[in-house]
Structures are given as structure tokens and as C-alpha cells.
Amino acid sequence: GFCGLLKKIVMFIVIAVAYLIQMLIGGTIPLREVVITFYICNEALSLLENAAVFVPIPERLKDVLLQSLSVQVCYWGGISPTETGQRMFPVCSRGRESAFNENERVIHTMKQFKRYLVTSALPYANGPVHIGHLAGVYIPSDIYTRYLRLRGADVISVCGSDEHGVPITIKARKEGVTPQQIVDRYHNMIKKSFEGLGMSFDIYSRTTSPVHHKTASDFFRTLYEKGEFIEQTSEQYYDPESKQFLADRYIVGTCPHCQNERAYGDQCEKCGSTLNPTDLINPKSAITGATPVLRETKHWFLPLDKHEAFLRKWILEDHKEWKSNVYGQCKSWLDLGLQPRAVSRDLDWGIPVPVEGAEGKVLYVWFDAPIGYISATKELTPDWEKYWKDEETKMVHFIGKDNIVFHCIVFPSMLQAHGGYI
């Protein structure tokens with residue numbers, strides 16, 4: 001509304017005047033600092049609207065700041081932490097996610113960790129990174145990692161391109177090139193963008209790397225051999241003209257909730273509803289436009305419901321300090337009851353399902369992508385296991401609002417099912 005617009009105007013005026021003064025006195029204005037300042041001012045003003053308070057960093061708060069994004073107590077109130085080790089000022093939000101006790105205003109004692117593993121959500125390699133990605137995930141991640149380094153913590157920061165999945169094959173088909181050409185183009189573009197902005201990832205990898213293919217295949221085989229999957233034969237849409245099974249994104253139709261005529265088989269991007277292909281009204285193949293028919297196909301499912309008790313305790317009891325939107329979305333999923341989720345797809349682009357009888361099937365991208373954090377760490381250091389298999393390691397995910405469930409419910413269930421990771 002009007003207040004939100006006024007807030008933006010004030011923010012831009014403040015930033016513009018500050019940088020105009022800096023230019024007049026001969027200073028330089030790195031793009032990265034402009035973006036960081038924009039992010040900080042926006043978050044600070046948003047928090048102030050909710051009766052947030054400014055507090056200096058006291059010694060007692062430093063331990064809390066080291067504990068991770070899960071507490072979500074601060075957004076930096078200055079330019080990024082620099083190598084000079086300047087003191088910074090956070091804006092702390094009051095409420096459930098605050099580290100302050102509302103009655104006594106004291107800092108809760110939290111466990112100390114020997115090392116930190118910081119992951120940043122893998123950008124999808126079918127387009128360039130934009131300022132929303134930077135402000136929401138990558139700059140906060142970079143600030144947090146640099147702060148830990150300044151404190152002398154043992155910390156590594158990993159990221160990389162997410163290069164599998166149907167949207168990439170759709171883009172390749174439209175452009176008349178191969179999926180590999182698409183991901184090569186955007187991987188290099190995204191990597192150069194991060195380098196130009198001064199992002200300090202210890203490694204920026206990709207999910208088409210040989211190390212990742214082997215890591216993801218081995219992970220699947222471990223769960224398969226432990227009997228952690230449910231094998232089911234189900235009906236899936238098949239395009240009789242292109243003679244292939246259709247992944248969810250290759251099916252379009254009318255959303256049953258909002259009547260959007262361009263909804264996909266997995267989600268309506270207009271109203272945000274999660275869908276199954278059979279929910280669509282008047283479904284069509286995105287490849288040929290033909291009306292698809294249902295045929296039987298076999299897939300493997302991860303029974304999320306098997307891990308529901310673990311997740312309820314871990315999220316609802318042990319992590320009440322999470323931001324309200326994160327906690328609320330996870331609670332909503334748990335309250336509705338978790339269901340088995342497919343880990344394979346009929347597709348020719350991706351990591352082949354490494355079991356007999358799975359020809360023409362690949363690992364579903366949501367299963368394959370988070371394993372990219374593990375494979376990137378493997379590429380970075382031969383001591384990767386201490387960051388993934390030692391309880392003295394604190395793992396911190398920086399994510400977007402569209403992948404909360406994958407990081408907070410699905411990936412923890414995968415690690416729990418495997419049994420070899422923290």
C-alpha cells in the first residue's frame with residue numbers, strides 16, 4: 001500500500017544521497033555494495049515496521065550470531081563485513097524468531113560447534129541470476145560466511161548450478177539445442193555473475209559433474225539396498241504422437257483451483273497450488289499439443305511418512321526459533337500428513353536410476369539437487385566427511401521461499417534414511 005511505497009521511496013533517497021556524496025568526494029561504488037545496501041535498508045525498514053529494535057553487537061550476542069540462519073536474529077546494518085574486522089550493528093526482530101527472552105531479554109545458551117558448513121540454494125541453470133536471488137539468498141549467505149571467517153571459525157561455503165530437470169529440456173527443445181548446451185551457457189553466466197559480485201564461495205560446482213553423478217547414484221543405491229524405497233506401478237500420461245511418457249512440466253491444462261489455462265502438471269504458477277497431472281482439466285502435451293493418455297509405468301518413492309515422527313520432533317519441538325513462514329509451512333505439511341514422494345522420472349536428461357529395469361528413467365531433480373551440496377564438498381576437500389558426518393558440524397542452509405519444503409522436510413528425510421550423515 002501507500003506505506004510500503006513510501007518506505008521504498010525513503011530507502012532509495014537515502015541510498016542515492018549516500019552514494020552521491022561518496023562519488024563527489026571521489027570514492028568508488030562497487031555494485032556488490034550497492035546491492036548489499038539495498039538489501040540491508042529494505043530489511044531494516046521492514047523490521048522497523050514490526051517494532052524491531054536496533055542494538056549494538058555486545059559480546060554476549062556474538063555466540064548467538066555464530067549459530068546459524070536457523071535463529072534468524074539479524075540482518076547487517078552496514079556494508080558487508082570486511083577484512084578489517086569492523087564492528088557491525090544488527091537489526092534484531094522481536095517475536096518468536098528473536099534470540100531475546102521477551103521477559104528477561106537475555107540470550108539463550110546454544111551449543112557450540114567445531115565447524116560450519118554453509119550451503120546456498122543451487123541456482124537453476126536455465127536463466128541468469130537476478131537481484132531477487134542475490135538479495136534473498138546469496139548476499140546474506142556471503143555476509144554470514146565472511147563473518148564466521150573473521151571470527152576464525154572453521155567454515156566452508158558451497159554452491160553450484162542445478163542442471164537437471166524438465167524446464168531445461170523444454171528450453172533446449174524451444175531453442176533447437178541440447179540440454180547440455182543450455183546448462184553450459186547458464187552455468188558459466190551465473191558463475192561469472194557471482195565472481196563479478198565478489199561472492200566468496202569456497203567452490204561453485206555443478207550437478208552435471210562426474211563427482212556429482214557418482215555421489216547421487218551411490219546415495220540412491222544405498223537407500224535402495226536398505227529397502228528405504230517403495231516401488232510402485234502407476235498410471236502416467238503418455239504422448240502417443242511423440243511416443244514418450246510426459247514429465248509433469250510437459251503437461252499443461254486448466255488449474256482446477258483458479259482456472260488458469262496454462263497450469264503445469266506439478267504446479268499452477270498463477271495461484272501457487274501444488275498439482276498432480278491428473279488434477280488438470282483438459283490436459284495437453286506441451287511437446288505436440290496432443291491429448292495424452294494414461295499408461296502404466298514403474299517408479300520409486302521415498303516414504304516421507306516413515307520419517308514423520310522424526311520431523312515433528314526436529315522441526316516442531318527443536319526448531320521453534322525458525323522464521324514464522326518457514327516454521328508455518330513445515331507445520332502445515334506435517335499437519336496434513338506426509339505422503340510418499342517419487343524419486344524417479346521418465347526422462348532422458350538427468351542421472352540414470354542405477355538399478356536394473358530402470359532404463360529410460362532418471363533421478364527426479366528434487367532428489368538429485370540437494371545431494372549437490374555433498375558432491376560439491378567432496379570436490380572441494382578430501383576431508384569432506386568431517387563436514388557431513390560429524391555431529392560437531394553445524395550445517396546452515398540459505399534458501400528461497402520456494403524450496404523450504406525440500407530443505408526442511410525432504411532432504412532431512414533423505415539423510416535420515418541414508419543414516420550416514422548428520
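1. Helix α4 is followed by G152, a residue whose phi is positive, near 80°; helices here are DSSP runs of H or I with at least four residues, strands are runs of E with at least two, and both are numbered from the N terminus. The model is a predicted one, in which local features need pLDDT of at least 70 and side-chain atom pairs count only at pLDDT 80 or more, while totals for chains, interfaces and linings use all residues. Residues are numbered from 1 along each chain as its sequence is written, and side-chain values use heavy atoms, with hydrogens and water left out.

2. Helix α4 itself covers residues 131-150 and bends by about 40° at Y138, with a proline, P140, following within four residues; the bend is the angle between axes fitted to the seven residues ending at a residue and the seven starting there. Because 14 of its 20 residues are buried, α4 is largely enclosed by the rest of the structure (buried means under 20% relative accessible area, exposed over 50%, and partly exposed in between, with a 1.4 Å probe and protein chains only).

3. A search of the whole structure finds 1 cavity of 30 Å³ or more, and the largest cavity has a volume of about 40 Å³. A cavity is a set of points, on a 1 Å grid over the protein atoms alone, where a 1.4 Å probe fits but cannot get out, and its lining residues have an atom within 4 Å of a point; grid points are joined across faces, edges and corners, and the volume is the space filled by probe spheres set on them.

4. Among the residues that line the largest cavity are L122, C159, R206 and S375, and the elements that give two or more residues to this lining are β5 (154-161), β6 (203-206) and α11.

5. Helix α11 spans residues 371-380 and contains L380, which counts as partly exposed because its relative accessibility is 29%. Leaving aside neighbours within four places in sequence, L380 is in contact with I156, D202 and I203, where contact means heavy atoms within 4.5 Å. L380 and Y204 are 176 residues apart in sequence and 9.3 Å apart in space, C-alpha to C-alpha.

6. An open sheet is formed by 4 strands in the order β8-β7-β12-β13, with antiparallel pairing; two strands pair if DSSP finds at least two bridges between them. Strands β8 (244-245) and β13 (340-342) stand at the edges with a single partner strand each, so one side of each is left without a neighbour in the sheet. Strand β7 (residues 230-239) pairs with β8 over 2 bridges, and D239 has Q244, in β8, as its bridge partner.

Key: 1 Å grid on protein atoms, 1.4 Å probe; cavity = no way out; pocket = protein on both sides within 12 Å on 5 of 7 lines; lining within 4 Å.
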